[in-house]
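Here is a friendly walk through one protein model, for anyone meeting it for the first time. Have a look at the sequence and the 3D view, then read on.

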Amino acid sequence: MSLPKINPTKTKAWNELSDHFNSLKDGKMQQWFKDDHERSSRMSVIWEEFYLDYSKNRVTDETLTKLLNLAIEVDLRSAIDAQFSGEPINETEGRSVLHTALRDFNNMKPEVRETLQKIKSFSEKVIEGEWKGATGKSITDVVNIGIGGSDLGPDMVCEALQFYKNHLNVHFVSNVDGDHVMETIKSLNRETTLFIIVSKTFTTQETLTNAQTIRNWFLEKGSEADISKHFAAVSTNLEAVADFGIAAENIFPMWNWVGGRFSLWSAVGLSISCAVGYENFEKLLKGAHKMDLHFKDSDFRQNIPVILALLSVWYNNFFGCESECIVPYSQYLNKLVAYLQQGIMESNGKSVDRNGEQIDYQTGTIVWGSTGTNAQHAFFQLIHQGTKLIPTDFICFSESLYGNLDHQNKLLANCFAQTEALLQGTYETEVDNNFKIFEGNKPTNTLLIKKLTPETLGSLIAMYEHKLFVQGIIWNIFSYDQWGVELGKKLAKNTLGAIETRNPAAAQNSSTKSLINKAL
Ligand code: F6P
């Protein structure tokens, strides 16, 4: 069973949505709320510790029905089944897409279970001080060396779960910028630091360069024999890892059926397990699995990822919105947007459909954002009064972790007030000049979660994973490859040749030649 290959714009539902859009596009949500007191209770989903209020969207019940019809017509149900049953739905690379299998404890592949056990015993030894460095000292610092999916997920989760952290200091080195590497390692003690090199392919220039630099730095005061006490690696390319000199017992496998940007649930999450302990890592996985079941089994009308994806398609393809904003009202989620940017934009930034044809409609949205309330004092002006329509997700928690009620009340008040201001604007109120007019009618989703825990974080991440999958299915694109990043990698190699040989003429493009000339 392969994925359906249906051009969404040729469906009956799309046609109907186009007509419907013309009659609804100028409708005012302010009026809809005034006329219909049941709107928010109807347009919301309660699931586990999540409450999604999507009533502040430019949709009516009729819009939702038509969007749901679109999901049915593009055969979303069979696409979901194909993904979960391990069909090779990443057709351009001939791979299954089974990050969901990494967190299904009732149905676990033996190699996944085995690797989880290895993660558990490794991280427990490190946390409990049983793992000794070459000079017999326990580990105080863990450095994750990776980039993209081998960095963003673990970094984001370690920051988000800071409250649950133990004594280990966890650092992330990603950029090939040598200053970034030096700033990270300058205060580290070689004797008490453990380096985890994470690279699915083990061919990524940035990661291998950083790993080599750090290895050389380590060897300034250590010997080759000490490497096994201070270096571990996570990869599918076991041969290359062994060539790098990592001891066999310190190598953690990855599998081609897990995409890099969906890999934090695998051994790529080793630094997470070190930072917050294996039990919390497992809770993160179990939270994600709960969302998998919700996505797989619930009716589309009550299905959070499906609803969010359909709303996004509505704005992207009918209102012509170019971007979506995500604003978590929790400083812990400071790195969530950067993480989601890779997941969403690397997956759905495509312009050829699943039939191999050039696409003539919009696909992947631009995703951006930052934490509230900081964002309110930075870019919210443009969302309120700018000329662009920017659907925004507000994410907040009913309880804070330290229980400071005064702060929590203010945080929540700001979150809710912003969504109301964006909705209401100055509708039907007198203002004394045009500059003070707020049109309102700006779409938002509010996701209220009980508390930030490893489990709810897992569910939240999985929610966005499934949302982007649904969007890809509707847009008839392959969400799980990323050919677009390859050309840049190839050109970087050629350009590096021109720079290293001090020969600008070797560059192909005249602008690049001049840039190299100036830089040297
Ligand atoms: O260049 C993009 C990419 O291939 C991502 O998809 C991936 O997460 C990242 O590079 C890192 O790749 P690797 O884990 O193989 O080093």
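## A tour of the model

Let's start with a single side chain: Lys286 is partly exposed, at 35% relative accessibility. As for the wording, buried means under 20% relative accessible area, exposed means over 50%, and partly exposed is in between (1.4 Å probe, protein chains only). Lys286 pairs up with Glu282 in a salt bridge, with N and O 2.8 Å apart. A salt bridge here is a side-chain nitrogen of Lys or Arg within 4 Å of a carboxyl oxygen of Asp or Glu. Both residues sit in helix H13, four residues apart, about one turn of the helix. Helices (H or I, at least four residues) and strands (E, at least two) are DSSP runs, numbered from the N terminus.

Before going further, some ground rules. This is a predicted model, where local features need pLDDT of at least 70 and side-chain atom pairs count only at pLDDT 80 or more, while totals for chains, interfaces and linings use all residues. Residues are numbered from 1 along each chain as its sequence is written, and side-chain values use heavy atoms, with hydrogens and water left out.

**Salt bridges**

How many salt bridges does a search of the whole structure find? It turns up 28. Here are some of them:

| Pair | Closest N to O |
|---|---|
| Lys290 and Glu48 | 3.3 Å |
| Arg261 and Glu346 | 2.8 Å |

Glu16 and Lys12 share helix H1 (residues 12-24), and they are four residues apart, about one turn of the helix. An α-helix has 3.6 residues a turn, so residues three or four places apart point the same way. Glu16 is partly exposed at 28% relative accessibility, while Lys12 is exposed at 58%. The two also belong to a salt-bridge network that links Lys12, Glu16, Glu62 and Lys66.

Lys290 forms its salt bridge with Glu48, N and O being 3.3 Å apart at their closest. This pair ties together distant parts of the chain: Lys290 is in helix H13 (residues 278-297) and Glu48 in the loop between strand E1 (44-47) and strand E2 (50-53), 242 residues apart. Lys290 is partly exposed, with a relative accessible area of 31%, and Glu48 is exposed, at 52%.

The domain assignment gives domain 1 (15-85 + 298-368 + 390-427 + 441-479), domain 2 (99-282) and domain 3 (486-519). Such bounds come from an automatic or database domain assignment. The C-alpha centres of domain 1 and domain 2 lie 33 Å apart. Contact (heavy atoms within 4.5 Å) involves 26 residues of domain 1 and 21 residues of domain 2.

Between them, domain 1 and domain 2 bury about 2,100 Å², 64% of it on carbon and sulfur atoms. Buried area is the accessible area (1.4 Å probe) that two parts lose on being put together, summed over both. Lys335, Tyr339 and Pro454 supply 28% of the area that domain 1 buries against domain 2, more than any other three residues.

The rule finds four salt bridges across this interface. On the domain 1 side, the elements that give two or more residues are helix H15 (336-348) and helix H18 (454-475). H18 brings the largest share, eight residues.

**A covered helix**

Helix H7 (residues 152-160) is mostly covered, with eight of its nine residues buried. Among the buried ones are Met156, Val157 and Cys158. What do the buried residues of H7 pack against? They pack against strand E4 (169-173), helix H12 (270-276), H13, H15 and H18.

Most residues other than glycine have a negative phi, and most peptide bonds are trans. Phe202 has a positive phi, near 55°, and this residue is buried, with a relative accessible area of 4%. Phe202 is found in the loop between E5 and helix H9 (205-219). Glu428 also has a positive phi, of about 60°, but Glu428 is exposed, at 57% relative accessibility. Its place is in the loop between helix H17 (405-424) and strand E11 (444-449). Finally, a cis peptide bond joins Gly372 and Thr373, with omega about 5°. Thr373 lies in the loop between strand E9 (366-369) and helix H16 (380-385).
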